[in-house]
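Work through the exercises below with the sequence and coordinates at hand. Each task is followed by a stepwise solution.

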Amino acid sequence: MIRRASSILILIAASACSGGGASTSDPLPPADLKSGGLATTLDDTSQAYRNSIRALSEDQASQFSFGHSLFNRAWVTAPATTDNLDGLGPLFNARACATCHAKDGRSAPFNASGELLGMLFRLSVPGTADNGGPNPDPVYGDQLRPLGILGIPGDGTPHVTYEELPGNYADGTAFSLQKPSYSIDGWNYGEPSEGLMISPRTGPSVIGLGLLEAVPEEEILANVHPPDADGVHGVPNYVWDAERQATVLGRFGWKANQPSTLQQTAGAFVGDIGITSALFRHETCTPSMIACNRAISGADPDFELSDQAFHAVGFYMRALAVPARRAVTDQVALQGELLFTKFGCASCHKSTLHTGPSDAEALANQTIHPYTDLLLHDMGPELADDRPDFQATGRQWRTPPLWGLGLLAKVNQHSFMLHDARARGFAEAILWHGGEGTNARENFRSAAASERDALLKFLESL
Amino acid sequence: MRVNARKFLPCVVLAGGLLGCSSDETAAVSRDAVVKNYSANLYAAYADSVDDEVAFQTDVEAFLAAPTEKSLKTVRDSWLASRAHYMLTEGARFYDGPIDVDPPNHEGLLNAWPLDEAFIDYASKDGVLHEDVGIINMPDVLPEITAEGLDALNGTDGEPENVSAGYHAVEFLLWGQALNASGPGERPATDYVIGGPSKNPDRRADYLKVAVEGIILHLTEVRDAWKPTASYRVGFEKNTDESLTHIFTGLAKFSKGELGSERIGAAYESKNRHDQHNCFSSQTLLDYERDARGILAMYTGNYGEHDGPGLDDLVKAADPALDADLKKKLQASIDAIIAIPAPFEDAIAGDDDSAGRKAIQAALNALSAQGDTFGKAAAAIGLTITVDDPEE
């Protein structure tokens, strides 16, 4: 279907461009609808994030299916008859991957009762760990787990309050941004250490990760450069790879603090759900958490996530297709992309990257449009979490991919964006940009309403 | 009652200018009539499910009044019977209908699997019995077992998903953990005998009663959302094409993704007996067969003895060969499930050439094919649904 659709588009493009010039009356050529190359899905429904890439081998297809099942299943307290799905906690953030990554997207930051849910709070104290990463709190470790299994209290309870910050576009139109303040109370294992640093993060959608993993390191590093006229310069994060026991380029997570989907997956299993695996074999109870350390393990016999299950989820994480771009001939949306470049957004949100070799046909040697450079950028004090993470400073964040984001509202019924979901839609997300993003933000803020609308329409088409 | 107000409209609408109306066709069935018959059947099935559970509740009370191995056997049989109609409703999933919409997530509260057994009662691991785990054995955590108390306890951990309630919680309380390689759990009736060998029999009885009340409550709410006057049903019957899309989507996704991949495929893949619903009672195949029969009935507009206008009438009018093919496939899935040798946990074991695994693979293939064919059938009457990965 994709192949047929694109050949039609090429015809349209050919006829549209026959005039050759770029005069304003000429229609702009259509955009490439294949955001993920061969790993693109045409599904634009509420299930748009949950499709597999094409051309899977029989074995890969069954891994995908098993991985999907595991991603969505709730883990239970050990011991349970479902001995392959027990071992929840003792401390945890969620019972299932899909709790925070609902429908392979991103859950809202709050649950139905208004409690913080699709949100994680990284913790650390000053200094660095042996592997060069954040220095965990001696009692609470490196993340807050608000929940515990029966009889084991969670770490504590996070809270957020918002303050409205009014502002104006250059044309006088008013907007308002909500500025979050976070606090944690009800610490159940004593007060945390002096100087505790807290970094709030939402679970991002998990589409297209296999493509990003297949982008050769040289292509990412080629975008590293000294500050340009706008002050934009990306820098790589170098992080600890537990599998290879080496410091390597980071590319996943809000701070590019994870080197691979497999490590990200294993880290989330042990940190968020309390499920040990071949890569991270130990629960995260710290020595002073007595009940936590005594809790019954679901390990069978060495760890809780079987290797077969681990590799199935690992493959699933790489094999979720990217939704096709929509409105590819819509002139307003296309104009919006030109403005996206003109305003400077595309300096970091790179439209095009290429993948190298891969074990999956649809991931190998593809031209993709993730709208990220996978590098770190200083985003200014307003967005700072003031918590270093390997090479990333407290003001740096990795450029998040934008592909598929236009379907967020349809898939997850909300439009919360940025690392802590403070932005209520694209416009607020742009208006929060500071640091290296200041000029791009100001270009947007001072643009005419029609131009701002065009830019937003472009983003909605991703 | 089944007067067809739009008798000749479908010829125009459905054929899309490609096919004429064959003159030998008897009164064509309207889309409205199909949607109305679907909701009436579904309402009847949920109403029967409520009645089943109320009847089961009586049997539970009788058992608790005099717990013996004999009365335990009776109440276990009653549990199996209590799911007969509910299974027939499961094709009505995956379109955010009353059963799925979250919150309140009735489906999750009714039928969640796996179950958090150690949250409920004692449990064993590697031959070691942990008799002090679970709410039943932790009076300090919840002094009195009530529905409100359990809700509050679930509320404190901020989780919208509750895996300590529903049909399988009751199954666990009747059968206990299935610890052998094959066959059901062996919970003794004395678990409920006051002064017997097990701790907390009174609290176990309270939990069982509360769990059954919860099932009745959730089923009742779903049933009432399908009442003829309920706003969901009124809207459902008004937006005919959207509802037909929902109906097809539910049947396709339930066939291929849920019953196929999730419920049968995951266990086939892991070869783990505990990846099956009804693990405690070792009666999983019964569920699968009921589910598959429910799908066929939903397609043909049947419920029990009632045979009303169905999706099959619409598809047949547009493409008789496709309708025949789909019906054949639906029956083939039922036959393939029946052909799996019981118990399911034995069938998944072994190598891929074993009779059991070949039979399961055949059922998976049949369900996958039927899911895809639902997609084609929807397309034949001008609807677009997502079965799975749309471009494959």
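Axes are lines fitted to C-alpha atoms, for helices over the stretch in contact, and angles run from 0 to 180 degrees between N-to-C directions. Helices (H or I, at least four residues) and strands (E, at least two) are DSSP runs, numbered from the N terminus. The model is predicted: local features need pLDDT of at least 70, side-chain atom pairs count only at pLDDT 80 or more, and totals for chains, interfaces and linings use all residues. Residues are numbered from 1 along each chain as its sequence is written, and chains are lettered from A and ligands numbered from 1 in the order in which they are written.

**Exercise 1.** Find how helix α2 (residues 31-65) of chain B and helix α3 (residues 69-82) of chain B are placed.

Solution.
- Step 1: the two axes come within 9 Å and cross at roughly 170°.
- Step 2: α2(B) is therefore roughly antiparallel to α3(B), given these classes: under 35 degrees roughly parallel, over 145 roughly antiparallel, 65 to 115 roughly perpendicular, the rest oblique.
- Step 3: residues making the contact (C-beta atoms, placed from the backbone, within 7 Å) include B:F56 and B:F63 of α2(B), and B:L72 and B:W79 of α3(B).
- Step 4: by class, the contact has eight nonpolar, four polar and three charged residues; Ala, Val, Leu, Ile, Met, Phe, Trp, Tyr, Cys and Pro count as nonpolar, Asp, Glu, Lys and Arg as charged, and the others, Gly among them, as polar.

**Exercise 2.** Do likewise for helix α6 (residues 261-273) and helix α8 (residues 307-318) of chain A.

Solution.
- Step 1: the axes come within 9 Å, crossing at roughly 120°.
- Step 2: α6(A) and α8(A) are therefore oblique to each other.
- Step 3: A:T261, A:L262 and A:T265 of α6(A) meet A:V313, A:G314, A:M317 and A:R318 of α8(A).
- Step 4: three nonpolar, three polar and one charged residues form this contact.

**Exercise 3.** Is A:N293 buried or exposed?

Solution.
- Step 1: A:N293 lies in helix α7 (residues 290-294) of chain A.
- Step 2: a residue is buried if 20 or more other C-beta atoms, placed from the backbone, lie within 10 Å of its own, exposed if 12 or fewer, and partly exposed in between.
- Step 3: A:N293 has 12 such atoms within 10 Å, so A:N293 is exposed.

**Exercise 4.** How many residues of each chain meet across the two chains?

Solution.
- Step 1: 36 residues of chain A are in contact with 38 of chain B.
- Step 2: on the chain A side, helix α2 (residues 58-72) gives the most, with four residues.
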